[in-house]
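Dear colleague,

Please find the structure below, with the sequence alongside. My notes on what was found in it follow directly after.

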Amino acid sequence: MRIALFATCIVDAMYPRVAQATVEILERLGHEVVFPAGQACCGQMHVNSGYFPEALPVVANHVRTFESGFDTGEYEVAVAPSGSCVASVKHQHALVADWAVEHGVKGADSTLAARADAVGARTYELAQLLTDVLGVADAAAQLGSYLPGTITYHPSCHGMRLLHLGDRQRSLLASVEGLEVVDLPEAEQCCGFGGTFSIKNADVSSAMLADKVANICGTGAGACAGGDASCLMHIGGGLHREKRTTPSGRPVRTVHLAEVLASTREKPLTIDGELALAGTPGGAR
Amino acid sequence: MSTVSLGMPALPPRGFGNISETEPFPSYARRELQNDQLRANLRHATHTIRDKRLRVVSELPDWEELREAGSAIKAEAMERLPELLAQFEEQFTARGGTVHWARDAAEANRIVEGLVRATGSSEVVKVKSMATQEIGLNEYLEERGIAAFETDLAELIVQLGHDKPSHILVPAIHRNRTEIRDIFLREMPGVDPELTDEPRRLAMAARAHLRRKFLSAKVAISGANFGIAETGTLGVVESEGNGRMCLTLPETLITVMGIEKVLPRAEDLGVFMQLLPRSSTGERMNPYTSLWTGSTPGDGPKDVHVVLLDNGRTRALADRHGRSALHCIRCSACMNVCPVYERAGGHAYGSTYPGPIGAILSPLLTGVEAEENKSLPYASSLCGACFDACPVKINIPEILVHLRGEDVEARHSRPGARRLPSQFDLAMAGASWAMSDGARMGLLERGLPLGKAAAGRDGVISKLPGLGAGWTQSRDIPAPPAESFRAQWAKRAKNSADPHGIKEGEGK
């Protein structure tokens, strides 16, 4: 199958390795990955901050960019390594399009909402695509995923509540050879990122983050995995600021689901040249 | 807007009373976050109710269908509101009751005062009521020499403590039992000076205090959980039985009910009496449900009144994106699951209605352009836990986003407003320009090495200026990579000899 990668703005600019890992996994399964060059951002930051006029061109660009490839048959589905951005594509794009028509915005396109829904219907979050479309149930057997160590898992709000990902991400992680997934207490509590919420209500956001960081460190795991780079940047930023370390003295990190799945015996996931979960219980040194 | 023919003015009235921010949410919340005792109390209470709710909700195989049914009945009630209210009035009147209409808090307070004065009494007992909290009835009556005694235990604690409720179901959630004992010792006439903070002893002291009030009161004031249009029946759902004492013992009963509480049919209660107790207290069934229809000679209050309160509700109803906030049955499930409420507490929201529902309901009642409640729509990380928990499926996150849009629009179009865009406005406009075109994004991303250079030796940025300062108060930000994915992909496409194009050790 030909699959369009929507890298999302934060992965594109801040975490290219997450996009690389996504490509790696899909190609390992024998699929061809296409990167529509016009893509930029899903517009979620603008929508969630109430800046609908500013969101409109961002949304329109996304819809235009991805629908052309669907129309020409260049690719069949689109995938993003982010539950939050996929939820935005599926749930917010048509809302913004409707808003523009309702408010008589100059040049508002009355077909945009339906086109946005059509793009949304063919857009998948990574674990959703792997599980529901590509039939991956055992990452070790089907992807050769290997990462020795202990990890905990934070299910991000939008993947969990808007996309109903359920245990898709977690069970993919659990099927990685050598990897033990330990439960995160209060896993379903928001990490406190919330886009511009973390700036506008920085104090409440920080209090939420502090609890998330404490819960992660309480598990003793070497890293916290998740499916949203933005939440992971927030959590990782808190872990780094508090200089949180594992019992063996290594910094506690955040890693993206895609990076973990892309890790193999031949080329295991490394951070600063070391095995990502080195030194954690069960981890190889 | 759709014009509601209730004799109301064409422009729906704004809500007044205790439904406005007292100060912007972020600064109030910052202060409340310093209070470790408050946070511990809130955490304990919300987690206890949250877990109980999850247990009893998971028992019902048809919970989702019940939520759908509740949502559909409420949507129907909102659609037929004028007709249902007229029917309610007709039925209520036919059974010996009197209906009063109040456009806003001031009008409702005046009506209630007049009704109390007509009885010659200067004391009233009250069953816990959100509507009377909303209009500030107690304070209004007190200023005019009428003493209103709250009889719900938690409301009593709040009242005696000269405090405000901070949760709609557990108004004294922010108090622990030692604080409660101290309040009782200080404020309760004739209390045992040896009173301990044992919950049973505290409840006994309150009970003795309240009995004296029940036996002497001639007038009671209640709210209403439901008003049935078909029969003119009012209903109150409560846990302690103090409400039932109020509803049955006095001679005059005055109910203040928001117009959105009307339900078409008596059988609709079958849905809500399952949804409400499980969502609010985590109980399968609540201890006391009182329903009354008019007055009956020789049984219960002789004189029965209802004040139908608008106070911004038609304004909310006119907002087609926000009107489902009026479906709220005041169960507080959204508060108990909200991570923001759990940290900031109810007082930070300023309004009688705190938590996620308050963050949408208060601005909808007053109008966002009214400035009163403009920080509330932002008091959420949009995590969606409230939507999941809501028994009538109010899409709170979506309404929050809608209200943010209204706020931004109002701010940008307000006459005489500061014409200079804010730093945030500029950031949003700049990001919109960059993020609506892949080529522009690519061009900007060539500046990533600058960010890398700005990072410290440990590869992170620990202090950002301006808007970013909020971020770096508690979090580091990783140094950006030397190259965006877009740029890497372009190189890979050029160099097809390398089919994967993934360099080892990239990033981090």
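I begin with B:Asp425, which counts as buried at 8% relative accessibility, where buried means under 20% relative accessible area, exposed over 50%, and partly exposed in between (1.4 Å probe, protein chains only). Its partner B:Arg411 counts as partly exposed at 25% relative accessibility, and the two side chains meet in a salt bridge of 3.8 Å, N to O, a salt bridge being a side-chain nitrogen of Lys or Arg within 4 Å of a carboxyl oxygen of Asp or Glu. This pair links distant parts of the chain, since B:Asp425 sits in helix H19 (residues 423-435) of chain B and B:Arg411 in helix H18 of chain B, 14 residues apart; helices (H or I, at least four residues) and strands (E, at least two) are DSSP runs, numbered from the N terminus.

Before going further, please note that this is a predicted model, in which local features need pLDDT of at least 70 and side-chain atom pairs count only at pLDDT 80 or more, while totals for chains, interfaces and linings use all residues. Residues are numbered from 1 along each chain as its sequence is written, chains are lettered from A and ligands numbered from 1 in the order in which they are written, and side-chain values use heavy atoms, with hydrogens and water left out.

A search of the whole structure finds 47 salt bridges over all chains, and several of them involve helix H3 of chain B. B:Glu64 and B:Arg67 form one with an N to O distance of 3.0 Å; being 3 residues apart in helix H3 (residues 63-79) of chain B, they are separated by about one helical turn. B:Glu64 is partly exposed, with a relative accessible area of 42%, whereas B:Arg67 is buried at 6%. B:Glu68 reaches B:Lys393 in a salt bridge of 2.6 Å, N to O. Because B:Glu68 lies in helix H3 of chain B and B:Lys393 in the loop between helix H17 (385-389) and helix H18 (396-413), the pair ties together parts that are 325 residues apart in sequence. Both residues are partly exposed, B:Glu68 at 43% relative accessibility and B:Lys393 at 26%.

Turning to the domains, the assignment for chain B, which is automatic or taken from a database, gives domain 1 (25-311), domain 2 (315-413) and domain 3 (428-496). The C-alpha centres of domain 1 and domain 2 of chain B lie 21 Å apart, and their contact, meaning heavy atoms within 4.5 Å, takes 46 residues from domain 1 and 36 residues from domain 2. The area buried between these two domains is about 3,700 Å², of which carbon and sulfur atoms give 60%; buried area here is the accessible area (1.4 Å probe) that two parts lose on being put together, summed over both. B:Phe25, B:Arg67 and B:Ile168 supply 21% of the area that domain 1 of chain B buries against domain 2, more than any other three residues. Across this interface the rule finds 4 salt bridges.
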